[in-house]
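Here is a short briefing on one protein chain. Look at the structure first, then work through the points below.

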Amino acid sequence: MDADRDVDWLLPPDLGRLRVLEQWCVLLLELIRERIAEIEKGERVAEAARAGPVPAPVIEWKIQYGIGREGAPMLVHAGDCRLASGRTRPATREQVLDVLRNAGVEACGICATARELGLTDP
């Protein structure tokens, strides 16, 4: 303790009451930290709201799946291809290239996916 501070008037002299005060301080500190976390979370939410909506991720590629239980991949489309059916899922370039290696899966001829992937001559 700092010799310049006289806290004898503030703290009880016996160990039992000091332990009670210690537990009270620990509990109070936990409550304070929880309240700080709540306020900080509210501020982050408010800041995100002020920043505006998060833009939707750009889908560069889509894999179209067949009908039925198997639902095997059939076609690969560019992300903006309007010919893609509702049975498509977003995919990465690596996923698209992997699917195209399978027999029976083709690149869409309308959106020129094969050319964009570098699989055919320009």
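A disulfide is a pair of cysteine sulfur atoms within 2.5 Å. A search of the whole structure finds zero of them. Keep in mind that this is a predicted model.

**Confidence**
- The mean pLDDT of the protein chain is 86. Of its residues, 94% reach 70 or more.
- Among the elements, helix α1 (residues 15–51) has the highest mean pLDDT, 95. Helix α3 (residues 113–116) has the lowest, 73.
- Where pLDDT is low, the predicted coordinates should not be read in detail.

**Cysteines**
- The sulfur of Cys-81 has its closest cysteine sulfur in Cys-111, 3.7 Å away. A disulfide needs 2.5 Å or less, so this pair is too far apart for a bond.
- Cys-81 is buried, with a relative accessible area of 8%.
- Cys-25 is partly exposed, at 48%.

**The sheet**
- Four strands form an open sheet with mixed pairing. Their order is β3-β1-β2-β4.
- The edge strands are β3 (88–91) and β4 (106–107). Each of them pairs on one side only.
- Helix α2 (residues 93–100) packs on this sheet and touches β1, β2, β3 and β4. The direction of α2 makes about 40 degrees with that of β1.
- β1 (residues 61–65) and β2 (residues 73–78) run antiparallel and share five bridges.
- β2 and β4 pair in the parallel sense, over two bridges. Here the partner of Val-76 is Ala-107 in β4.

**Salt bridges**
- Side chains of opposite charge can pair when their charged atoms come close.
- The structure holds five salt bridges. Three of these are described next.
- Arg-35 pairs with Glu-38, and their closest N and O atoms are 3.6 Å apart. Both residues are exposed. They sit three residues apart in helix α1, so about one helical turn separates them.
- Glu-47 and Arg-50 meet at 2.7 Å, N to O. They are also three residues apart in helix α1, which means a separation of about one helical turn. Glu-47 is partly exposed, at 44% relative accessible area, while Arg-50 is exposed, at 60%.
- Asp-98 pairs with Arg-101, with closest N and O atoms 3.7 Å apart. Asp-98 counts as partly exposed at 44% relative accessibility, and Arg-101 as exposed at 63%.

How values were computed: Residues are numbered from 1 along each chain as its sequence is written. This is a predicted model: local features need pLDDT of at least 70, side-chain atom pairs count only at pLDDT 80 or more; totals for chains, interfaces and linings use all residues. Side-chain values use heavy atoms; hydrogens and water are left out. Two strands pair if DSSP finds at least two bridges between them. Contact means heavy atoms within 4.5 Å. Axes are lines fitted to C-alpha atoms, for helices over the stretch in contact, and angles run from 0 to 180 degrees between N-to-C directions. pLDDT is the predictor's confidence in each residue, from 0 to 100. Buried means under 20% relative accessible area, exposed over 50%, partly exposed in between (1.4 Å probe, protein chains only). A salt bridge is a side-chain nitrogen of Lys or Arg within 4 Å of a carboxyl oxygen of Asp or Glu.
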